[in-house]
Amino acid sequence: REVPVFHTADVVVVGGGSAGFAAAVAASRAGAKVAMIERYGSLGGLWTNGMVLIVIGTGEKVNGEFKLVTRGLCEEFLKRLEGMGDGAIVCRDPKVYQPTVDPEASKVLMDEMVQEAGVEMFFHCWGVDVIQSGNDVQGVVFESKEGRQAILAKVVVDASGDGDVFHQAGASYEQISHALGFVYRIGNYDRIDRSKAPKDAKLNLGGIEPLKSARWVNNLGPKGNGLDVRDMSKAEMMHRKSAWNYVQKVRKTPGHEEVFMLQTTSQLGVRATRLLDGVARVDKKGAVAGKAFADTVAYSGDDQLRKPAFAIPYGALLPKTVENVVVAGRCISCAPDLIDRVRLIPVCVVTGHAAGVAAALAAKGGVKPRQVPVEEIQKVLREQGAYLG
């Protein structure tokens with residue numbers, strides 16, 4: 001069966017979550033012709049569609065003072081969000097920059113930034129296969145309402161979250177199971193009269209967010225296989241019913257009668273599935289020890305601000321054998337014992353930033369991503385405001 005070529009680009013990014021968004025913008029700013037495909041109708045992935053609104057893991061504490069390490073596109077995005085007015089972003093502690101964002105404002109700003117960068121954006125497209133000759137990936141195949149089509153590209157950024165691209169290309173990886181979470185938002189939070197509630201009432205009314213009238217509740221959920229449609233379908237229905245019933249319970253509590261179910265997530269909270277077996281790997285032991293890398297392209301902070309920031313090497317974004325693929329986000333080469341720091345939103349953004357720059361330089365130079373001198377990648381990253389230690 002022949003597959004028609006829908007588009008050609010220097011770089012194609014598969015997945016428009018936090019990592020893919022950053023990769024596409026960074027690659028385009030670095031001079032590449034970039035296309036991005038996303039299965040939903042908006043950017044941000046679990047950050048927006050999944051309503052994981054809190055941006056934790058942005059920095060570390062040094063001598064008691066907060067130090068931001070997820071700079072570059074991550075910092076730029078958050079600062080620009082501040083300029084969108086009340087209700088777009090809020091920071092609980094002004095001394096620690098770990099804000100909570102509004103998902104709708106974030107979607108709008110991501111649209112603006114990819115358009116400003118000149119990225120060709122294709123929503124409602126699901127990447128399903130790769131175009132490959134030997135170990136060389138030459139593009140991707142996607143499904144949409146138009147059927148099955150192809151995008152040819154010099155380099156592919158796998159920002160699918162689940163390593164769909166490197167899996168289809170035959171790269172080695174480790175597959176793990178994690179909790180399948182579910183987020184929902186409660187409305188009319190500002191109309192609660194706590195003076196009427198029983199003293200022993202123990203209600204989970206969620207975390208702080210920019211809208212005074214709303215709160216978001218992040219349910220951890222049971223462990224499951226985020227690649228198994230049976231597990232995911234069961235989790236969706238279980239979570240949705242549980243959330244609805246809980247909000248009805250809250251509404252029966254004196255003083256809470258006006259609370260209502262404002263919104264449930266449109267994207268199940270899959271935390272981790274495939275982890276790339278890359279040229280290099282980050283793990284908990286190395287992170288705690290502050291392991292240094294000559295090819296550092298990003299830094300991760302700590303969500304609890306108790307542990308030092310740790311470096312992420314370029315090798316953790318590269319498959320061992322598959323060519324012309326750079327990986328970003330939660331599916332980079334990471335040991336399972338460190339996934340709960342690597343999968344955080346700002347860390348996905350900075351690995352996406354690094355992957356986008358690397359992909360652009362490889363495409364423009366006519367070389368494979370592993371052949372790009374890391375010094376060139378680091379130079380452009382610094383020019384784009386990234387922190388590399």
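How many aromatic pairs does the structure hold?

## About the model

The structure is a predicted model, in which local features need pLDDT of at least 70, side-chain atom pairs count only at pLDDT 80 or more, and totals for chains, interfaces and linings use all residues. Residues are numbered from 1 along each chain as its sequence is written, and side-chain values use heavy atoms, leaving out hydrogens and water.

## Aromatic rings

The structure holds six aromatic pairs (Phe, Tyr or Trp rings, the six-membered one for Trp, with centres within 6.5 Å; planes under 30 degrees apart are stacked, over 60 edge-to-face, the rest tilted). W47 and F77 have ring centres 5.1 Å apart and planes at 55°, so this pair is tilted. W47 lies in the loop between β2 (34-38) and β3 (59-62) and F77 in helix α2 (residues 73-82), so the pair ties together parts 30 residues apart in sequence (helices are DSSP runs of H or I, at least four residues; strands are runs of E, at least two; both are numbered from the N terminus).

Both W47 and F77 are buried (under 20% relative accessible area, with exposed over 50% and partly exposed in between, using a 1.4 Å probe and protein chains only). Elsewhere, one aromatic cluster is formed by F6, F122 and F142.

## Helix α3

Now for α3 (residues 103-117): its 15 residues should span 21 Å at 1.5 Å a residue, which agrees with end C-alpha atoms 21 Å apart (the expected span is 1.5 Å times one less than the number of residues). Among the buried residues of α3 are L109, M110 and M113. Just after α3, G118 takes a positive phi of about 85°.
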